[in-house]
Structures are given as structure tokens and as C-alpha cells.
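Hi,

Here is the structure I promised to pass on. Have a look at it first, and then read my notes below.

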Amino acid sequence: MSLSEKNKSTPSSEFQENLEILRQIYFFSGLPLETLKIFAYLCTRENFKQGEHIFRQNEDDGQAFYIVEGKARLEREDNGDTTVMRDCESGEFLGGLTLLGETGRLFSLKSVADTTCLVLNREKFAKTMAQFPDLMMKICKAVAQSIDTWEKRFLTDQGDQCGKCMGRLGVTLI
Amino acid sequence: MAKPEPSIVKRSLFSWIFAAGNLKLQLLLLLVISVMVFANVLPLEMQRRVVNEAIKLRDIDKLFLYCGIFLAAVVFSSVLKYLTNVFQTLITQRTTAHMRKDLYRHILTLPLNFFRKTQPGTVVNALTTELTLPGNFVGMAVASPVSNVLKLLGFAGYLFWLNPLLAAVSLSIYPIVMFLIPLLQKGANKANKKRVDTARTFAARIAESISGIHEIHGNGSYRIEGRKYNKLVDRLLKIRIVWSLYRFAVKTTNGFFTSLGPFLVFILGGYLTIKGRLELGALVAFLSAQERLFDPWKELIEFYQVYQDGQVNYQRTMEYFDIEAEHEIEPRDRDALELEGSVEVKDLSFVTDTGIHLLDGINMSLKPGEHMALVGFSGSGKSTLALCIGQLYKYTGGSVMIGDKEVSGLTKKDMVSNIGFVAQSPFIFDGTIEENILYSCRAKTGDNGQAEANQEMPTLDDTIAVLHQTGIFVDVLRFGLNAILTPDKHAELVEAIVRIRKNFQQDYGADLADYVEFFDENKYLYHSSVAENLTFGAPNKSEFANQNLAKSEYFLNFLSKADLTRPLLSLGINLCRQTVDILGNLPPDAVFFEQSPINADELEEFKILEEHLRKKRLHELNAEDRHKLLELALRFTPGTHKMAALPEILEMLILEGRALLRQKIAEDDPGAFTFYQMSEYIYSQTILNNIFFGKTKTSNPKAQEIINQSIIQLLIEEDFLEAIIEIGMHYQVGTKGDKLSGGQQQKLAIARIFLKAPRILIMDEATSALDNKSQTRIQNLLETRWKKKSTVISVVHRLDTIKNYDKVAVMKAGKILEMGTYDELMARKGMLYELVGKK
């Protein structure tokens, strides 16, 4: 247990550290401090040993993750072949969409070093947002803008290499 | 069967006065009143005789006799007055209770539609406040007018008997009053209505300003808001003045005219007495009888007001709920029908009040035992169709036949005997798991309030089987494992658990070390409270029980000796501030309070304490506040309560305190604690913690599963599983089941319908909150155990579960676009193909 190591003479609580993290996550950017405090209080820290799955493809675990420490690998399995997508480092936030609605994962996330994540689940998110119905619009805005930014960047960076799959682009048109 | 009572909403307020049960009481009341009126008039006559016969003739015997009768009459009438109050109260309370029961029963049967437009607050208000005045009116309805009119007549008659002329003159004022007062009252009522309206605007204005306070501060618009508010205050001021003036006018007019009475009596009676045409005694009696006219008169006017208000409240309430239930609740002249499991829907339509076609020309049929999946986007009408078949919505056109019966013609009882319905967001009621699981079965067998005395109820084995089928078994096991045993009830269990503990440590201890913090005398336990860390044992005296520890003189002395008082108090302050800041405005939902040292029901007092903390320093706080802070600090568990950190120095002090306390207890009071040791059961801890001889570190589902597997294995080996499940079945689920997760609630809702094993099962996205595994488990169950036995109509949100349904119907905008087996529809490459692609 590393808690005692962290306890310096004026220790900052896990809650305060969580709050600092949440304030930097784009998904929550429209929310006032009052709401962020509740999320910072409700989210938990989970440790994953090297090689352990954080979430698995096709499963709906209903959780969003922020990688506090460590490293995790995004993979996708198709017809038995596993493709590595990319590695996620500390500071990355994944799974905001999962908080909004039930969707099975399209990818798996596996820790490649001992990893600590900050975790918020759908129930806590939904119950808290139910207290601030007006703020849901802010979340929607952040999500819409993220999708827009993603597709814009994709078109600028890789649009010319896309070839056939060009016909399937347009996620911003949903 | 008895003739059905007319619905409460159709009853007039007057019908309650002599309603069943009240009739006898009202008659008895009448009898008492008539005797009482006589006993009221008697003292007047005695008064006259004392003056005229006893005092004038100096007859001591007569003085005693008349005074004796006077006294007896007064005592007697007081007793009778009390009796009338008793009867009146009985009538009032019984009627109010009766009204509440009937109205609630009526409200429960109102169509779902109604509740979409009605706030729960309105219903609560109607059932509590609004029915109070009508109840009061019914209580007074006979007693007040009869007794007061009789009294008036009695006194007036007596006056006439004494002196008709004087009586006529002094009573002549009442007709004038009767004419004037309603006029003034009308004015008062009008002003009062205006006052109510303005007060409502007034409240809304204040609420608006307060919720927009940051905008006001931001703009510095204090004056603008102030002016808006002042205008309303001024308007209210004027209305209130007018209203008050009218009210006082009523009072003053009444007072003025009734005080004119004695004036008339004095002037006319005095003249008559001086002239010798009236005896002095008669004048005295006359005066006091006249004075007594005032009371019944006042009471009559009060009764008039209760009547007016009560009538308005009653009518307004009943009009509001005057809606017919869509279906009869129970058949009148037969038992519930046993229906065949076929479903035949023809040209079904469902049109809302505003003309929107939610369902339009639906045709489909299912043979008994066939399974159908309804798919489509939200809003396509699939839930509406399921609800229409289940009679929860009343369809507006076409027909739905179950067996050979039209659904709209069946009673609710017929439906629940044959159909099971699992709603999209099921409702779990406050009570135990067991009560909730048996809920549907109890309702079906017509529970009469006497639990268990029914042979049709499922056995424990049935119930456990269903727990397994729906996958809630593990959850119930966990509730059982989290139970705290008491020494008097579970002696055998306790012995077994201590035995299991040893086996557990041998077989599983190493595997679970990552997830469990084992009790270790020399280590700080981050998943135990400060109090547990200090005592490291279970208290045997109530003085040292967790909730009393901060009050115990002995323990407080120990804290100061161990230099712990101040650091703990400042930890308490920190916890209080942070928790109130985070949770201060949240509702008492378990999700919010699981990780909080302050319980939901204590939040308000800690909010007040937090106010104190802002104004006062630590040493200025009173003893009660200090005690609360200390208690909070003693609950602090670093592993759970993340809003504060445990300072390293405090951690060391607590560890030293642990050793000091143990030594001190050994010297002063050796039996006070049972310190944690491998060979003893710890009664202050849960069963699971006892098996572990430690506490779990994480609530992470994956870790829980690993722990569960080991524990189940162990419990099976020790033949102990069923005992724990039985304990778990008594777990209290909380209001609306809020101590259960969404998935657990849904599993429980499915379990209670599975246990009822209906002939037709309607599931409206019944598995949407479940994880994949549980969803698949339930799907498999439907396919293996329910196929060909029960007809299933399932509104489905995930298309990977529909392959094995007999029929799949794809809906869009209230119509079935295509219907067939999964393979047929996929081959057709129509709507379903597209949907599957999209998902």
C-alpha cells in the first residue's frame, strides 16, 4: 500500500488530485466546479497489473477511464486476428461516450505496464447529471466538438490515403 | 358479492355525514346534544330562582338546593360536552381515514397517462392536507348546527318564556347580522383569493432572484431586483390591508350588534323592573341567557366557514381525480380466467389525445409458446405495442385477443393471472430482497396481508432456482456475506465461520492478498475506520460501541492521554467541510453517500455544524459539536473516504494509541473488548470480513468476481451456501431499491416474474441494464426453458440476442414493416438487415 508514502505533512487528498485531473479533461470542460467536485469524489482508482485487461471488445462495461500512471494498449480482434491500434499513455482519457449510452466496446484495452486508472461508471455519471439536467447540453456540445475535431483531423492528415473507405466517412453527419 | 360502492370521486361531501359507521355515532351524538342543551339552560333557571326565591325570601334550604342543582347541571353538561368532542373526533378521524384509503385506492387504478401529467406532490397533498378540512366538516356536520341551533332556540325560548317583549326586542338584532355578515365575508373572500394569487407570484419571484443570484452579483443589479421585489411587496401590502379590513369588519359588526343586545335589555328591562313589571331575578337570568346566545352564534359562524372551505377543498380534489380507471380491477361474478397462451392482434391502433398515431394498423399472431422479438428505433412503437398487449395502455382501435378473449374486456386480475410484465425501468419497492422477489406471486394469489399462509406461494428451493437463473444469486450471496451476525441468533454459524477462516487462509489467502487487507496488529488498516484502528477489536460493552465511542468518558480520557484529541478534531473539521461542500445539495441516494463518512440522514445536522465552523474557532465550539466532529473522525476510513487524507503523523499516533489502549483496557476493564484474533468470531464485522479476517480493498467488479469465485468454492466445500443465501434474502434494498445497482434491480424484476411463471411473458427491454454475460444467460434461459411453454413478446434493444426467436417484427413509426424469422428477414436485406448493420 502506497498511501502512507504519499502522506506528507500537508497531504493532498485523492479527491483533490482527482479534481485537478478532471478539470483538464475535455469531455467535462463545460461543467462547473460544483459538478466536477462530485465526479472527483465519486470516481475510483483501479490498479491493473501488466497484461491485465482494462476492458474487452464487445463487452459493455459502462466505464470511462483516465490513465493516471502506466501504459495500456488498444487492440481490435477481427476473425481471430488481433490488430494493435496504438498505445495509450498516462494523461489519456477514454470512454466518455460509454457514459452516455449503452455500447459494446469495439476495442480492447490491455495494460502493458502496471497501470493505475481513474474510473467513473455510467450509473454514477447518470445519477449526478440527473441533478443538473441543464448541464447535459454542455456534455453533448463537448462530444459533438470532439467528433468534429476528430473527423477534421482525419480528413486533413489521412484523407488522401483513404481511397475506397472515403465513401464511408462522414461520422459528423450522424 | 356486495353491490360495489360508488367511486369516491363521484360522492358528495354530504354523503359522508351518515355514511356506514358514522350513522350510529351521529345518532348517539344527537342524543347527547339534546340532553346537553337542556343541561345548559337549567343553570339559568336556577340562577333566577336563587335570586327570586332563595335570596329574596331568605330561604337557606332552597339556596342549597338550587345551587346544588346548578352545580350538578354544570358538571353534567361539561361531561356531555367532552363526550360530544369524543364522538366528533371519532367521526372526523374515521371519515378522513376512510376518504384517504378510498381515494388512494382510486388513484392507484388511474391510467398511466394520468401520472405523466401529475406531480407526485399533488397526490401527496390531496391525500394529506386537502382532505383534513372536509373530514373536520363531516365531524361537525351534525353536532355543530344541531347543538348550536338548539342552544340558540333553548336560550331564545327561555327568554320568551321570561318576557316575550324583551326577548323579541333583544333578538331583533340577529336578522340584521345575518344579512350583513355574508356581504362582508364575500368581500373578504375576494381579497383572500387575490392574496393567494399574489403570494404565489411573490414566492416565484423570490425563487427566481435567489437562483439567479450570480447574475445579480455579476451585474451589480441589486437595485433593479430590489425594485421589482418592492413593487410586489407593495401590491401584497395593499391586498392584505383590504383583506384584513374586511375580516375585522366582520368581527366588529358581529361584536357590535351582539353587544347591542344587553344595551336593549338594560334600557327596556331596567324600565320594566323599575316599573315593577319584571322581577329582578328574571332580569339577571335574562341578561345571562342573552350573553350566552353569543357563543353558539359564534360557533355557527365558524361552522359556516369550515363548511365553505371544506366543500371547496373536497370538490376541487375530487374533480381533479375524477377519471375512470380504464379496466375493472377484479371480475365481479367469477374467478380469474385461465387464458390460452395465443396472441392475436388485428388492425391495432393507438392514438394519443393530441391525435398522434403511436400504433397504426398492427397485425400479428403468436401461437401458444411462440417467441417474438420486437425491434426498431426508439419511438417506433415497440414498447407501446407491448404495453397495449399487456393492457397497460388502452388501445384506441382494432383488437388484441389473448386466448379467445379481447384484452380490453378483461379485468386486471385476469391479466395478472396469465401475464408477466417486466418493465423497461422496473420499480423495486422498499423492503427485503425476499419481499420483492415474492411481490408478483403475492399479488397474483391475492395476498390478503397475511404473509406465507398460502400454498400457492413458491418454496425456498423455487426461489433459489430463480435466483440462479436470473444471475442475481451472486448478488444475494454478497448481501448475505455482508451481513453482521448477532451472538444470540447464530451461534452455530459463528463456529463454522471461524473454522472456514482457517481453511480460507490456507487455500486462498495468497491468491487474494492483492484484494484483501488482512487484520494485522502492527499495521495501520486503510480500509478500516479510525475507531477500528484504535480499538482493533469488537466492543463487548455498549459504551464502546461505534456510535457511543465518542461519548464515552473513558475513551475521551484515553484520546487526550494519547495526544489524539486535537488531531482527530481537526481531521473531523476537514471531513465535515469537504463532505458538506461536495454532497451538500445532493438527494439521499445511496450512490452519492457510499463513499461518504456522513450518512444521508445526517447531512442536515452537519450542514449546520459546518456553518458553526465558519464562525467559530475549534476551542469555541460547544461540547455537542466537538462530539460530532470526533465521531466523524473516528469513522474516517482512508480507503473509502477520499475527500481527506490521513496525515502521516496521525497514522503513527493512532498505531501507538492502539497499543496504549490495549494496555489500558487490560488494566482497567479486561472484558471490554474482544481483540481481533484468528480463533475468535468478530461480531462487529461482516461474515465476509470474518472469513477473510480482513477487509476487501476494492469494489471493482473484476476483483469482486475473483473474490466471489473463491468464496463460493469455499462455501460449497463447507456446505454453507444456502445458509448465507437465506441471510442475504433478508437484505433491505432501500427506498426504490436504491441500495441495488441498475443491473441488480433489473435482475430482481426479472426474477419476480420468472418465479410467477406466467403463461405469457412480456419483456420491455428487460435486460438493458445487464452486462453481456447476464444478458446471454437470460436469453439462453428463455430459449431452453420457456420455448413452447410460455409465449414471449420481447422488446429488444440489442440485435445480437434475436437470432433464435420464432418471429422478429421490425417496427417503424407505429407500423410493423416486416415480420418473419431472423434468417428470412436477413436474406430479404430489408429493414432488419439495415438495422443489424448499423448496430
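**A sheet and a helix in chain B**

In this predicted model, four strands of chain B make an open sheet in the order 2-1-4-5, with antiparallel pairing. Strand 2 (357-366) and strand 5 (405-406) of chain B are at the edges with a single partner strand each, so one side of each has no neighbour in the sheet. Strands here are DSSP runs of E, at least two residues, and helices are runs of H or I, at least four, numbered from the N terminus; two strands pair if DSSP finds at least two bridges between them. Strand 1 (residues 343-351) and strand 4 (residues 397-402) of chain B pair over five bridges, and Ser349(B) sits opposite Gly397(B) in strand 4.

Now for helix 31 (residues 772-786) of chain B. Its buried residues (20 or more other C-beta atoms within 10 Å of their own, C-beta atoms being placed from the backbone) are Gln775(B), Ile778(B), Gln779(B) and Leu782(B). They cover an arc of only 100° around the axis (taken from the directions from the axis to the C-beta atoms), which means they lie on the same side of helix 31 of chain B. The face turned away from that buried side carries Lys773(B) and Thr784(B), both exposed (12 or fewer such atoms). Just after helix 31 of chain B, Lys788(B) has a positive phi of about 70°.

On numbering, residues count from 1 along each chain as its sequence is written, while chains are lettered from A and ligands numbered from 1 in the order written. Local features need pLDDT of at least 70 and side-chain atom pairs count only at pLDDT 80 or more, while totals for chains, interfaces and linings use all residues.

Cheers
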